[in-house]
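Me: I would like to learn how to read single features in a model such as this one. Could we take them one at a time, with the general idea beside each case?

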Amino acid sequence: ERISAVSHNMGTFEDRSDDVRSSPEAEPTAVREYFTDRNFAENMGLTFVAGENFPENAVGGRESFLVVNEKFLEKFRLGSPSEAIGKQMLIGDSTRLTLRGVVKDFLFRPATYALEPLMLRNDPEQLQILNVKIAAGDPTATLAALQRAWSQTVPGRPMESAFYAQTIRESYSSLSDGLAI
């Protein structure tokens, strides 16, 4: 039904962050980040409360925009979601990104963590995982078709796949000690 890409799986203990500042003089704050493509928000059911998603094509092939959650706005005192759109943030030492969209807060880390500020970034070179939403029913034929397409597109490298629910269960297995989730 839909395909999107992400740097690492949400809802797991896989983790990345970068320093963020609202101005060059401000003290940097580490914020969790995921690199995603334009299709990711829709594929994962994220809700925009202000602004919009990444554009179809990056300007000049470089990263320019940032999509954040509501907690991000609180942390950096950026005002309401609509007031925050268009503001620039400094990521790392020198990357300036313009806030393009705000998504409703959601659990992007395991539920054992508090809800935190989040930034979604759009740099295709950082994408590692394809999220494929398949139609309900028996997935066997769809998985076989995906395997054939992968083998033609990336010969010599085996396709690794897992259902998202399985990935989440495995992520929690070290915590659950036999508890069914």
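**Reading the local features**

Reply: Let us begin with a polar contact, here between the side chains of His8 and Ser7 at 2.8 Å; the term stands for a pair of N or O atoms within 3.5 Å, in which, within protein, one must be able to donate a hydrogen and the other to accept it, while residues adjacent in sequence count only if both atoms are side-chain atoms. The model is predicted, so local features need pLDDT of at least 70 and side-chain atom pairs count only at pLDDT 80 or more, whereas totals for chains, interfaces and linings use all residues. Residues are numbered from 1 along each chain as its sequence is written, and side-chain values use heavy atoms, with hydrogens and water left out.

Me: Is His8 buried or exposed, and which residues is His8 in contact with beyond its neighbours within four places in sequence?

Reply: His8 has 6% relative accessibility and therefore counts as buried (under 20% is buried, over 50% exposed, and partly exposed lies in between, with a 1.4 Å probe and protein chains only). Beyond those neighbours, His8 is in contact (heavy atoms within 4.5 Å) with Glu14, Asp15, Arg16, Glu33, Tyr34 and Ile129. For Glu33, the backbone oxygen lies 3.5 Å from a polar atom of the His8 side chain.

Me: How many aromatic pairs does a search of the whole structure find?

Reply: The search finds 3 aromatic pairs. In general, such a pair is described by the distance of the centres and the angle of the planes. Tyr34 and Phe108 have ring centres 6.0 Å apart and planes at 85°, so this pair is edge-to-face (rings of Phe, Tyr and Trp, the last by its six-membered ring, pair if their centres lie within 6.5 Å; planes under 30 degrees apart count as stacked, over 60 as edge-to-face and the rest as tilted). Tyr34 belongs to strand E3 (residues 29–35) and Phe108 to the loop between strands E7 (95–103) and E8 (118–121), so the pair ties together parts 74 residues apart in sequence. Strands (E, at least two residues) and helices (H or I, at least four) are DSSP runs numbered from the N terminus. Phe106 and Phe108 also pair edge-to-face, with 6.1 Å centre to centre and 65° between the planes, and ring pairs link Tyr34, Phe106 and Phe108 into a cluster.
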